[in-house]
Amino acid sequence: MKKEEVPQDDANMLEGKFRVVKYALNEKGEYEKVPSVGWEPENTALEQAWDLIHEKVEAARQAVITGKLSPLAYHMEKNMMDAGLLGKHMGLPTRKVKRHLEPTGFATLDAATLQRYADALQLTVAELQHVPR
Amino acid sequence: MSNSVVIPFEHQQSAHCETGVLSNLMRFHGMRVSEPMAFGIGSGLFYSHMPFIKLNGIPVTSYRILPGHIFKRFSRNMGVEMRRIKFRDPREAMDELDRTLDKGLPAGMLTSVFYLPYLPKAFRFHFNGHNIVVFGREGDEYLVSDPVMETPARIHRTALMRARFAKGMPDIKGRMYYPVRVPGDADTAAAAIKGLRRTARDMVNTPISMFGAKGIPYLAGKLRNYERKLGEKDARLALGNLIRMQEEIGTGGAGFRFMFAAFLQEAATLTGKPALREHALTMTRIGDAWRDFAFDAGRVCKARATADITYDTLADKLVAIGRQETALFKELARIPKA
């Protein structure tokens, strides 16, 4: 890849915070670091990954609204976690977290456990108990 | 402990976090190695496609050796000694960081990108292998040299503590490291040849079909069946994942192939072996072929591909790349030790 071929396809993935480094050949045929704001295939792949995450979050939100899952399930998806990973942050076995993903299991949680879940998901307890409508 | 420490640390932006941290830390300790040099000496380049290891249901493809191994191989080849520490308690990890800074030493550490607020949102997945250097503290904020960023950043103590203790694959447990011995007379040319020979051997001699250059045609074989086996949606996700592993922040383009070509060029001058410049050109052409593959793959992902781009034509491209990499690394493996 030559320096002038380094793509500059900006899809605002970097939010203007910085440009990334690519290695490319300059006029003298020597490699150098060239800044880039992005490349279309890369942007496509990243968008695709986020679409999938947003789909999962939305499905969880709907399930909470219809009473199939507890709000914890929504906030867990929003943090891109599964029951195993959330369990690790909580020091709880996966099966216990899974029980708390159900409305009945969630209802049994004491204040201390709710606070720990809230901390693990970087929320307040009040936020943890609701989903956006 | 005083409230403020700022170590005069020169931040240079890099393509990849591990090699960037290496290059920056070494420079602080008086050893000048560029990022591509650190990558080559640490034998960073590799290829593997592992269908049995899945992340979010998608097989893992990698263009480099395991995280942390570039550090290890680099240190061995250059005679550098690193102190590496893990912690049980986050507070203890932060106290040790403060003590290290107070001694005037910048500290490298592992973090999870998910918990680094200064990074753009789109890149913040649960990836627990991101290397940064902390080189100062002002009140409750730490000064961070994150190699992928253009300029240093700041992070609050609480946020840094969280990022250092993210759980998952792997649990990083506040892993921190800094050099305790950096020789002033390291033979960089010899280390470059050592690193290069190791990469060449890894690429052509690893006996399992999913590792090294033959992992590329191995993936090609799988790719031909993707649509039938995974269904259209998941096949596209798998393709998208390949593009991300190859091109997203950290590789310098074409899955580290351009960074490796830059290493070959630098090594040619350093070792007085002009033939390596020719090999750098071959590697560049291979890198261009990888980019070409990613471009076509991107079209398929977006369902914008014309009829002449199919999973089969993508696989054909990979087969050709695999052949070229095999040929190049076979030649590189024959480069004599001295």
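1. Basis. The model is predicted: local features need pLDDT of at least 70 and side-chain atom pairs count only at pLDDT 80 or more, while totals for chains, interfaces and linings use all residues. Residues are numbered from 1 along each chain as its sequence is written, and chains are lettered from A and ligands numbered from 1 in the order in which they are written.

2. Chain A. There are seven helices and two strands in chain A (DSSP runs numbered from the N terminus, H or I of at least four residues for helices and E of at least two for strands). Their order from the N terminus is β-β-α-α-α-α-α-α-α. Chain A has a radius of gyration of 21 Å, well over the 14 Å that the globule rule gives for 133 residues, so it is more spread out than a compact globule (the radius is taken over C-alpha atoms, and the rule is 2.2 Å times the number of residues to the power 0.38). Along the principal axes, the C-alpha atoms of chain A fill a box of roughly 70 × 30 × 25 Å.

3. Burial in chain A. Of the 133 residues, 36% are buried (20 or more other C-beta atoms within 10 Å of the residue's own, with C-beta atoms placed from the backbone).

4. Contact between the chains. Chain B contributes 36 residues and chain A 30 residues (two residues are in contact if their C-beta atoms, placed from the backbone, lie within 7 Å). On the side of chain B that touches chain A, α8 (226–247), α9 (257–271) and α10 (275–301) each supply at least two residues. The most comes from α10(B), with nine residues. This side of chain B comprises 17 nonpolar, 11 polar and eight charged residues (Ala, Val, Leu, Ile, Met, Phe, Trp, Tyr, Cys and Pro count as nonpolar, Asp, Glu, Lys and Arg as charged, and the others, Gly among them, as polar).

5. Helix pair in chain B. Helices α7 (residues 215–224) and α11 (residues 311–333) of chain B pack at an angle of about 170°, with axes 8 Å apart (axes are lines fitted to C-alpha atoms over the stretch in contact, and angles run from 0 to 180 degrees between N-to-C directions). The angle makes α7(B) roughly antiparallel to α11(B) (over 145 degrees). By class, this contact has 11 nonpolar, one polar and three charged residues.

6. Surroundings of α7(B). Among the buried residues of α7(B) are B:I216, B:L219 and B:L223. The buried residues of this helix pack against β2 (45–55), β3 (58–64), α8 and α11 of chain B.

Technical notes:
Parallel < 35°, antiparallel > 145°, perpendicular 65-115°, else oblique. Buried ≥ 20, exposed ≤ 12 C-beta atoms within 10 Å, placed from the backbone.
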